[in-house]
Amino acid sequence: MSANDIIGTIGVGIILMAYFLNNFSFIQRNGNLYFVLNILGASIACYASYLINYIPFVVLEATWAIISCIGLLQNIKKPQESA
């Protein structure tokens, strides 16, 4: 397994972990952790795709990371509900 494969596997693994944790209600779909995991995973997978020069996945993962960044920023800016 090459370094590119390892990097890509880590990125995709983080994205899948976020999806699993969300689906089984371990984390909230609109929680900061969900967005951070998606940003990290997509950014790492984007980098791995760049390393192997696979532009369609560079675009996909970059878009995924950017949308997750926007979601995180919106989540941080919204007033927090009192408990």
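## The nonpolar core

The largest nonpolar core has 6 residues, namely Ile-14, Ala-18, Leu-21, Ile-27, Tyr-34 and Leu-37. Two elements each give two or more residues to this core: helix 1 (3-23) and helix 2 (32-51). Helix 1 supplies the largest share, with 3 residues. The model described here is predicted.

In soluble globular proteins, nonpolar side chains tend to be buried together. Leu-21, a member of the core, touches Phe-26, Ile-27 and Leu-37 when residues up to four places away in sequence are not counted.

## Helix 1

Helix 1 has 21 residues, and the distance from its first C-alpha to its last is 30 Å. This is close to the 30 Å expected at 1.5 Å a residue.

Which residues of helix 1 are buried? They are Gly-8, Gly-11, Ile-14, Ile-15, Ala-18, Leu-21 and Asn-22. An α-helix has 3.6 residues a turn, so residues three or four places apart point the same way. The cover over the buried residues of helix 1 includes helix 2 and helix 3. Just after helix 1, Ser-25 has a positive phi of about 60°.

## Aromatic rings

The count of aromatic pairs in the model comes to 4.

The cut-off for exposed is over 50%. Ring pairs also bring in Phe-26, linking Phe-20, Phe-24 and Phe-26 into a cluster. Phe-26 is also one of the residues that Leu-21 touches.

## Helix 3 and Ser-68

Helix 3 covers residues 55-77. Its 23 residues should span 33 Å at 1.5 Å a residue, and its end C-alpha atoms are 33 Å apart, so the two values agree. The buried residues in helix 3 are Val-58, Glu-61, Ala-65, Ser-68, Gly-71, Leu-72 and Asn-75. Helix 1 and helix 2 are among the elements that cover the buried residues of helix 3.

Ser-68 lies in this helix. Its relative accessibility is 7%, so Ser-68 counts as buried; the cut-off is under 20%. What does Ser-68 contact, leaving aside its neighbours within four places in sequence? The residues in contact with Ser-68 are Phe-35, Asn-38 and Ile-39.

## Cysteines

A disulfide is a covalent bond between the sulfur atoms of two cysteines. How many disulfides does a search of the whole structure find? The search finds 0. Cys-46 is in no disulfide, and the nearest cysteine sulfur, that of Cys-69, is 11 Å away. For a disulfide, the sulfur atoms would have to be within 2.5 Å. Cys-69 is likewise in no disulfide, with the sulfur of Cys-46 as its nearest cysteine sulfur.

The accessibility of each cysteine is as follows. Cys-46 has 15% relative accessibility and therefore counts as buried. Cys-69 has a relative accessible area of 34%, so Cys-69 is partly exposed.

Key. Residues are numbered from 1 along each chain as its sequence is written. This is a predicted model: local features need pLDDT of at least 70, side-chain atom pairs count only at pLDDT 80 or more; totals for chains, interfaces and linings use all residues. Side-chain values use heavy atoms; hydrogens and water are left out. Rings of Phe, Tyr and Trp (its six-membered ring) pair if their centres lie within 6.5 Å; planes under 30 degrees apart count as stacked, over 60 as edge-to-face and the rest as tilted. A nonpolar core is a set of buried Ala, Val, Leu, Ile, Met, Phe, Trp, Tyr and Cys residues joined through side-chain atoms within 4.5 Å. Buried means under 20% relative accessible area, exposed over 50%, partly exposed in between (1.4 Å probe, protein chains only). Helices (H or I, at least four residues) and strands (E, at least two) are DSSP runs, numbered from the N terminus. Contact means heavy atoms within 4.5 Å. The expected span of a helix is 1.5 Å times one less than its number of residues.
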